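Good morning, colleagues. Please look at the sequence and the model on the screen while I go through selected parts of the packing.

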Amino acid sequence: MQGHTSPPPLLLRRNGRPQACDPCRKRKLACDHTQPVCSRCRKRKQDAECVYIIPDPKISGAKSSLPSPTSSIRVPASRHGSRRGSPQSENAPVVTPGGQASSLNRPGYLGPTSYRNFYEATENSLSLLQRSEGDTPQSDHTAQYIPVEDSHAILSPRIRDMCLTVLRNIPYTTLGRSLRFKNGSDGWIRPVVLRANAAFYECFGDYFNTIDRPTAQLEELARLFCANTSRPVSDDETDPEQWMSQFIGKKMRWELIGALSVFWEFVPGAKDEIWKGLRSPKYAQGFRMGRENMRLCLEISKEFSSGNFLMLYLSQRCTVVDSMSVGDANLLTWRSHAESVSLLTFLGFHAVEEKDPRQATLSTEIKKRSFHHMFTMSMVVVSFTGRPPLLSSRYSSTPLPLDLSDDDLFSDPQTFSKAVERLDERGWNTDGLIFPSTLIRGRALIARIREEIFQIALGNEQAASIETLLQLRARELREVSEFPACIQFDPLDLRDPNFPQQQLGSRLFLQLEHLQNMFFIERLLVRCGHRDNGDLLKVSYDLVTLTLPYYLDLDKLGSFRNDCEWIVMAYAVPSGGILCLELLKPTLHLRPHSDTRITRSNIIQKLSLLIAFLDWVSPIGPNGDLCGDARSVIARVLDHALNAAPSVQEPPTMFDWDFSTQLDFSFDLLDTFDWNRPDFPSSQQSNQLNGQ
């Protein structure tokens, strides 16, 4: 009789609890574990979909060995299902998204207003009740990884092609073992990629010894990396060794391969070409390969993981590379930035709580660095485009990172604690050195004030009072004056041939960020009717003067070569518009400026050098079209000033413009070229003349 037939064995998860069927697990419903079809699926007439997928105990508990070109590596299926049409796919089950790493389905960070906060107590009570009744609800935290190696699942054609492209682009072993770093705020990644790169070629170097790489071998490697990527990575691990052991060596992931692609040299000698000025074909080829690898690694990672700190770093770098490729105002760059911000908030890095800053850990410091680097990037994007910021400090509580060196950050607990104790009361290091965290802190403090400036400039609320703007200006000056001495800018640094290049670049860049804040504030003050005593002209003159070294002293600032197009457009061109305005509507002949450097002759010299800088920028480079337009307008102003300059006794003369050449900035505070439009003179110019 049927009643005496032995039922199928109850399938158990790794934690000993009964395994739910796939439909119940995906819907997070209690399953009665009846086989072959549970009661819920029978009622919903889903008999064919009621399947049970469990981990292979032999695979989940064993350590993976070093893969060889002939080994067979199986991988969880991607979200687009298994690849059809191959001999293996005939017997391989089609695994749906629920059959892979459950980290894809985890909800991420949920704040105080979320459903989870309100129903957490009820959910806990319900779990206890259901457990006592024998039904175990499915949670995305109880089975973090469900490998399906035993299903012989294979890669879809789309994922396979992306994986093979990345693996074929990876530099061969002798070239890839050395990484090229740029001095700057690289956050925390440098120690990670140095160690990961060495382990990568130690484990997998045989696959990349030659350019000719058999497809079958690369497919085996791709499956291993996909399987690794499907495993969740803990963002809260505090031990550096345990933290790093999650993804280096034989546990290599696609996110980390994308991060390595930031620093790999794909074409021998390609990055050396960048110091020669215009980008060479060899550099362009290496840049395209690196960008392609980064983008594809990010796309592959999203197929197998819902996000982690490695993916966030890669997403940030993709935004930077997109801006270097298509320009800062392009829709692609804006979308890339928006995706990074979305991942940041999904991971909860904007809401890092820390009761005692002195009790910092590796994981919290990485989260803080990641957040404030992204926050600063968000303010930079707003500065250039004038679009509303995608990240706001109003909804963020993550404190500033501590000013620790990377060596201390990844050190043992005793060394880490001692380094924290050596910091001053504000969190700055007392060693007089510039670390990546030093730049992140400095730029973040400037970005906080810039956000308040944008709230005034871009908001729909009533215009701010002059007193509010004057307070902002005082805060900006006070904040910068309290920076540690190691990042305080001194103009004499540029004249010292022996001054350390990294320190010079860091000081100069922070000074430009500070001056841009002052530029915005002075523009708003003039707009509100505040008497201008030459402050706007002085700030503009300083911005142009301190931007020119990126062209004139490239031997000292060569590491910023890839940023030149953005730097000249963000800092020099808008301020150059103010200098052009002084030539068109002179005021210095009425009253000399209090700063003796600011004369008509010096302004003409600075603008002439600025034209040379803009000429040097490649027309096909990022923001190349904007640079070309700016060069044309400034050149015409100089032609007029030099060929038809009035005497000091004569009033300034008007002249006709060809309005087909205009600079159309999106951001009003950067659009200092409104004087070449029909409504000339502008209210700002009138105010300047009346004030003099």
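At 17% relative accessibility, W616 counts as buried, where buried means under 20% relative accessible area, exposed over 50% and partly exposed in between, with a 1.4 Å probe and protein chains only. Before I continue, please note that this is a predicted model, in which local features need pLDDT of at least 70 and side-chain atom pairs count only at pLDDT 80 or more, while totals for chains, interfaces and linings use all residues. Residues are numbered from 1 along each chain as its sequence is written, and side-chain values use heavy atoms, with hydrogens and water left out.

The structure holds 28 aromatic pairs. Rings of Phe, Tyr and Trp (its six-membered ring) pair if their centres lie within 6.5 Å; planes under 30 degrees apart are stacked, over 60 edge-to-face, and the rest tilted. W616 forms a tilted pair with Y551, at 5.9 Å centre to centre and 55 degrees between the planes. Y551 belongs to helix α21 (residues 549-552) and W616 to helix α23 (residues 600-616), so the pair ties together parts that are 65 residues apart in sequence. Helices here are DSSP runs of H or I with at least four residues, numbered from the N terminus. Y551 has 26% relative accessibility and therefore counts as partly exposed.

The pair of W566 and Y571 is edge-to-face, because the ring centres are 5.7 Å apart and the planes lie at 70 degrees. W566 is buried at 15% relative accessibility, and Y571 is buried at 1%. Ring pairs also link F200, Y201, F204, Y207, F208, F225, W254, W264 and F266 into a cluster.

Let us turn to the nonpolar cores. Such a core is a set of buried Ala, Val, Leu, Ile, Met, Phe, Trp, Tyr and Cys residues joined through side-chain atoms within 4.5 Å. The largest has 151 residues, of which W188, F204, F225, W243, F247, W254 and Y550 touch the most other members. Helix α22 (residues 564-584) supplies the largest share of this core, 14 residues. Apart from it lies another core of 12 residues, including W428, L445, F483 and I487. R441 lies over the face of W428, 4.3 Å from the ring centre; a charge sits over a ring if NZ of Lys or CZ of Arg is within 6 Å of the ring centre and within 35 degrees of the ring normal.

Next, helix α13 (residues 331-347). Its buried residues include W334, H337, V341 and L344. Which helices do the buried residues of α13 pack against? They pack against α11 (281-304), α12 (309-326) and α14 (362-385). The charged end of R387 sits over the ring of W334, 5.0 Å from its centre. Just after α13, G348 takes a positive phi of about 80 degrees.

Finally, is R450 buried or exposed? R450, in helix α17 (residues 436-458), is buried, with a relative accessible area of 2%. Its neighbours, not counting residues up to four places away in sequence, are M379, S383, E513, Q516, N517 and F520, where contact means heavy atoms within 4.5 Å. The side chain of R450 makes a polar contact of 2.8 Å with the side chain of Q516. A polar contact is a pair of N or O atoms within 3.5 Å; within protein, one must be able to donate a hydrogen and the other to accept it, and residues adjacent in sequence count only if both atoms are side-chain atoms.

Key
Helices (H or I, at least four residues) and strands (E, at least two) are DSSP runs, numbered from the N terminus.
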